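Good morning, colleagues. Please turn to the sequence and the structure as they come up on the screen.

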Amino acid sequence: MKRTSTTVAILVSLLGATNHTSARGAEKLASDNARTVQPDRYVCVVEDMLKLCEPEKGFWIDLGAGKGQVAIPLIEKTGNPVTMLDPNAEAMAEGLEAARAKGLEDRLFAVVGVAEDMPFPDNTVNFVASRGSIFFWNDPGKGLREVYRVLRPGGKAMIGGGHGSGYPKEATVEVIEQRKKKMDGEGEEAEKWSKFVKLRRPKQMQEWAEAAGLPKFQVMGKGAISAEDKRVGQGIWLLFEKKPEITARKEEDK
Ligand SMILES: C[S@@+](CC[C@H](N)C(=O)[O-])C[C@H]1O[C@@H](n2cnc3c(N)ncnc32)[C@H](O)[C@@H]1O
């Protein structure tokens with residue numbers, strides 16, 4: 001089993017986060033979160049995740065969770081607890097406070113760390129959800145290898161970015177048009193958006209999955225400026241499952 005970097009990973013307890021929060025602060029965070037979640041690309045993404053992965057209940061991680069924009073609707077939809085993992089402790093503390101404001105304080109947890117060195121034991125995680133984060137990892141191949149390592153046999157991962165297949169069509173078209181306009185401009189802004197779109201191509205996702213040596217995976221979606229894949233709508237997603245080979249091997253040994 002891989003040695004976990006407990007010195008680096010700090011468990012941010014909900015209790016600790018809320019000690020510093022005034023009632024007004026909590027209200028503001030709750031309303032910030034409500035603004036982030038409406039008009040609910042996150043809820044749409046979570047619906048796709050649950051439909052496509054049908055994850056087993058248990059140990060779920062929101063990887064690159066930020067403020068828990070995916071984690072919170074995941075909990076709301078399923079009741080299953082979620083642990084956020086992100087290098088940004090402050091963002092996660094906001095997520096914890098938002099969860100408390102919604103009465104979900106006993107289901108959302110936070111660990112400071114990175115995808116490339118996940119502070120969890122092998123074969124322990126039932127589901128890894130990750131939206132909008134892999135594009136920022138220093139080494140996506142290494143991060144995906146780590147995800148595979150921590151998944152339990154039968155555990156699933158859905159990693160990528162997008163607005164979800166249920167996101168309103170007009171809003172999706174608007175997002176895509178805006179991005180195309182920004183890309184077609186000039187200077188740094190145009191460069192930034194070209195890079196944004198380039199990183200979110202199906203081919204790029206496939207290369208990262210191959211670099212990780214994933215035995216089997218599926219790339220869904222056509223990227224940042226397309227909504228042609230009806231399964232996920234606009235965006236790009238990588239789906240994989242850790243095959244239950246440990247059990248199979250045990251059976252063979254008998
Ligand atoms: C654009 S935000 C996405 C937040 C949220 N998941 C969402 O969908 O809105 C990207 C997040 O990835 C995190 N991140 C950056 N590098 C990372 C890494 N190597 N491992 C895990 N998370 C990382 C950032 O701190 C940030 O919170």
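This is a predicted model: local features need pLDDT of at least 70, side-chain atom pairs count only at pLDDT 80 or more; totals for chains, interfaces and linings use all residues.

The chain has 10 helices and eight strands. Of its 254 residues, 41% are buried. If we take the contacts between residues at least 6 apart in sequence, 74% of them join residues at least 24 apart.

Let me turn to strand E2, residues 60-63. Trp60 and Asp62 point one way from this strand, while Ile61 and Leu63 point the other way, and all are buried. Strand E2 runs parallel to strand E3, residues 82-86, and four bridges join the two. Within that pairing, isoleucine 61 has threonine 83 of E3 as its bridge partner. To pass from E2 to E3, the chain goes through helix H4, residues 71-78, in a right-handed β-α-β crossover. E2 also runs parallel to strand E5, residues 125-131, with three bridges between them. There, tryptophan 60 stands opposite phenylalanine 127.

Next, helix H7, residues 169-184. At 1.5 Å a residue, its 16 residues should span 22 Å, and the 23 Å between its end C-alpha atoms agrees with that. How many of the 16 residues of H7 are buried? The number is one, so H7 lies largely in the open.

Finally, the ligand. Around it are 19 residues, of which Gly64, Gly66, Ala115, Gly132 and Ser133 come nearest. By class, this shell has nine nonpolar, seven polar and three charged residues.

Thank you for your attention.

Notes:
Residues are numbered from 1 along each chain as its sequence is written. A residue is near a molecule or strand if its C-beta atom, placed from the backbone, lies within 6 Å of it. Ala, Val, Leu, Ile, Met, Phe, Trp, Tyr, Cys and Pro count as nonpolar, Asp, Glu, Lys and Arg as charged, and the others, Gly among them, as polar. A residue is buried if 20 or more other C-beta atoms lie within 10 Å of its own, exposed if 12 or fewer, and partly exposed in between; C-beta atoms are placed from the backbone. Two residues are in contact if their C-beta atoms, placed from the backbone, lie within 7 Å. The expected span of a helix is 1.5 Å times one less than its number of residues. Two strands pair if DSSP finds at least two bridges between them. A crossover is right-handed if, with the strands pointing away from the viewer, the path from the first strand over the helix to the second runs clockwise.
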